[in-house]
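Trainee: Hey, I've just been handed this one and I'm new to it. Could you walk me through what's there?

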Amino acid sequence: MAKVTIDGIEIDVPDGTTILQAARMIGPEVAPPTMCYHSKLKTSGGYCRTCLVEVTKGSEKDPRPMPKLVASCRTNVMDGMVVTNGLSEKVQDARAGVVEFLLLNHPLDCPICDQAGECHLQDLSYEHGHYNTRTDFERRTFEKIDIGDTIQLHMTRCILCYRCVKVAEQITDGRVHGVINRGDASEISTYIKEAIDNDFSGNMIDVCPVGALTDKTFRFKSRVWFTKPVDAHRDCDKCSGKVVLWYKGDDVLRVTGRKDQWGEVEEFICNTCRFDKKKTSDWTIEGVREISRHSVISANKYKKLVKPKRLTINDIKALPE
Ligand code: SF4
Ligand code: FES
């Protein structure tokens, strides 16, 4: 076991735990934001730098601070480590820089983007970004690509988090995906089109943190905050059959996997459940979905809203010795 202190809160975690996982064990008030890490996808993380934290004490054995901010999703805790996240000015500055960087090429088209309301980049920029941009350059643009009948890739919005690539690699058969080119010429390759025949390709939509991969059967049908999420399940021979149905009136507008409080899919679902079962009679309804993620999606009628509170210096002073 290792003892680690994050923003003044101490926790014992098993060896091999990352700083991010340890912070999540404490709770959303100290957990760094993430864009590319996904707990159900192996080797995810390490691409976006959103989760940077400051290590002010390396360990009990070697208490020197780490010279640079580190990606918490890729750095393991050491016994005696002390980490600052929300309380570190360096981290806040760096994170604002990461937001600015991610938005260099991301269009500000939230009013017409289907992901609005459940977009991690939208939330990240509200919480950690600056209100203006310094860039004078044109953002790069791409033609939209249909990935089969049900998924559309709008590469213009992609932030190259690699999550869909990991899904294609780990959840679908065969390696038929990838990011091609480097630097500002990088793009999710059209190889990804080949993944369409796979029963699990729809999960790419659920893991995409922005509006780059969207469900063509749902596009432009409704703003997500006008829909009502309901937990439901069915007997499925391909997946767990545990989903969320998104209702508008009596109509199921879309079916998605269930996401945890970090916005990450709990169990991947098959394309049959996602695209072919859009009648209430296909499902056993469990009840209203509790959305606990801090987002506009949690607004209004949703049962549960947990708004993560960032710790302030006064909170820290109030902690027991
Ligand atoms: S398409 Fe979405 S999931 Fe895939 S790399 Fe781009 S932002 Fe990430
Ligand atoms: S979440 Fe850690 S680098 Fe992206």
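**Getting oriented**

Mentor: Let's start with a strand pair: strand E1 (residues 2-6) and strand E2 (residues 9-13) run antiparallel and are joined by five bridges. Strands here are DSSP runs (E, at least two residues), helices are DSSP runs too (H or I, at least four residues), and both are numbered from the N terminus. Two strands pair if DSSP finds at least two bridges between them.

Trainee: Which residue in E2 does Ala2 stand opposite?

Mentor: Val13. The two strands, E1 and E2, form a hairpin with two residues between them. In that turn, Asp7 has a positive phi of about 50 degrees.

Trainee: Is this a predicted model or something else, and how are things numbered?

Mentor: It's a predicted model, so local features need pLDDT of at least 70 and side-chain atom pairs count only at pLDDT 80 or more, while totals for chains, interfaces and linings use all residues. Residues are numbered from 1 along each chain as its sequence is written, and chains are lettered from A and ligands numbered from 1 in the order in which they are written.

Trainee: Okay, big picture then. How many helices and strands does the protein chain have?

Mentor: Seven helices and 14 strands. The chain has 321 residues, and 39% of them are buried. Buried means 20 or more other C-beta atoms lie within 10 Å of the residue's own; 12 or fewer makes it exposed, in between is partly exposed, and C-beta atoms are placed from the backbone.

Trainee: What about contacts in the chain, how many join residues at least 24 apart?

Mentor: Among contacts between residues at least 6 apart in sequence, 63% do. A contact means the C-beta atoms, placed from the backbone, lie within 7 Å.

Trainee: Back to E1. Which way does E1 run against E5, parallel or antiparallel?

Mentor: E1 and E5 run parallel, joined by three bridges. In E5, Val83 is the bridge partner of Ile6. E3 and E5, on the other hand, run antiparallel, also with three bridges, and there Glu54 stands opposite Thr84 in E5.

Trainee: Which residues are buried in helix H1?

Mentor: In H1 (residues 19-26), the buried ones are Ile19, Leu20, Ala22, Ala23 and Arg24. What covers them includes E1, E2, strand E3 (52-57) and strand E5 (81-84). Just after H1, Gly27 takes a positive phi of about 145 degrees.

Trainee: Where is Arg49?

Mentor: In the loop between H1 and E3. Most residues other than glycine have a negative phi. Arg49 is partly exposed, because it has 18 other C-beta atoms within 10 Å.

Trainee: And Phe220, buried or exposed?

Mentor: Phe220 counts as exposed because it has 9 C-beta neighbours inside 10 Å. The place of Phe220 is the loop between E10 and E11, and its phi is also positive, near 65 degrees.

Trainee: Switching topic: which residues are closest to ligand 1?

Mentor: Cys158, Cys161, Cys164, Cys208 and Ala212 are the closest of the 14 residues that surround ligand 1. A residue counts as near if its C-beta atom, placed from the backbone, lies within 6 Å. The shell divides into 13 nonpolar residues, no polar ones and one charged. Nonpolar covers Ala, Val, Leu, Ile, Met, Phe, Trp, Tyr, Cys and Pro, charged covers Asp, Glu, Lys and Arg, and the others, Gly among them, are polar.

Trainee: In what order do the strands of the four-strand sheet come?

Mentor: E13-E12-E11-E14, an open sheet with antiparallel pairing. Strand E13 (251-256) and strand E14 (284-288) stand at the edges with a single partner strand each, so one side of each has no neighbour in the sheet. Inside the sheet, six bridges join strand E11 (residues 228-233) to strand E12 (residues 242-248), and Trp246 in E12 is the bridge partner of Pro229.

Trainee: What about the three-strand sheet, which strands are at the edges?

Mentor: The order there is E6-E7-E10, open and antiparallel. The edge strands are E6 (145-147) and E10 (213-215), each pairing on one side only. E6 and strand E7 (residues 151-153) pair over three bridges, and in E7 the bridge partner of Ile147 is Ile151.

Definitions and conventions
Two residues are in contact if their C-beta atoms, placed from the backbone, lie within 7 Å.
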